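Colleague: Could you take a close look at one part of this model for me, the place where the helices pack against each other? Tell me who touches whom there, and then how that part sits in the chain.

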Amino acid sequence: EKNWPSLRGHETDRIEEMEKAIREAERSEVITSLDHRVIQALAMWCKVYNKKLSFLYKDKVNKSWPKFWNFITSLE
């Protein structure tokens, strides 16, 4: 937070939202974040570590990268 104060005060508090999503991921729960950046970050994490997660609001990534899921799929 000290190094990245801009992460607070957007659509969500991204630090808090990422912490919540990481806890969900660690418990292999469905990721419930509405923040497109959090969803994208965890989807990339899944690729790097060969994990499987489900995302409740997958379509939220369309805000910044409409073809994100095509990109992720192409990495297989």
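**Packing around Leu42**

Modeller: Let's start with Leu42: setting aside its neighbours within four places in sequence, Leu42 is in contact with Met18, Ala21, Ile22, Ile31 and Phe55 (contact means heavy atoms within 4.5 Å). Before going on, some ground rules: this is a predicted model, where local features need pLDDT of at least 70, side-chain atom pairs count only at pLDDT 80 or more, and totals for chains, interfaces and linings use all residues. Residues are numbered from 1 along each chain as its sequence is written, and side-chain values use heavy atoms, with hydrogens and water left out.

Now the helix pair. The axes of H1 (residues 14–26) and H2 come within 10 Å and cross at roughly 40° (axes are lines fitted to C-alpha atoms over the stretch in contact, with angles from 0 to 180 degrees between N-to-C directions). On the H1 side, the contact is made by Arg14, Glu17, Met18, Ala21, Ile22 and Ala25, and on the H2 side by Arg37, Val38, Ala41, Leu42 and Trp45. Sorted by type, the residues of this contact are eight nonpolar, three charged and no polar (Ala, Val, Leu, Ile, Met, Phe, Trp, Tyr, Cys and Pro count as nonpolar, Asp, Glu, Lys and Arg as charged, the others as polar).

Leu42 turns up again in the largest nonpolar core, which has 14 residues; Ile31, Leu42, Ala43, Leu53, Phe55, Phe68 and Trp69 touch the most other members. Such a core is a set of buried Ala, Val, Leu, Ile, Met, Phe, Trp, Tyr and Cys residues joined through side-chain atoms within 4.5 Å. H1, H2 and helix H3 (68–74) each give two or more residues to this core, and H2 gives the most, with five.

H2 (residues 36–49) also holds Gln40. Is Gln40 buried or exposed? Gln40 has a relative accessible area of 12%, so it counts as buried (under 20% is buried, over 50% exposed, partly exposed in between, with a 1.4 Å probe and protein chains only). Not counting residues up to four places away in sequence, Gln40 touches Val61, Ser64, Trp65 and Phe68.

Stepping back, the chain has three helices and zero strands (DSSP runs, H or I of at least four residues for helices, E of at least two for strands). Buried residues make up 30% of its 76 residues. Of the contacts between residues at least 6 apart in sequence, 42% join residues at least 24 apart.
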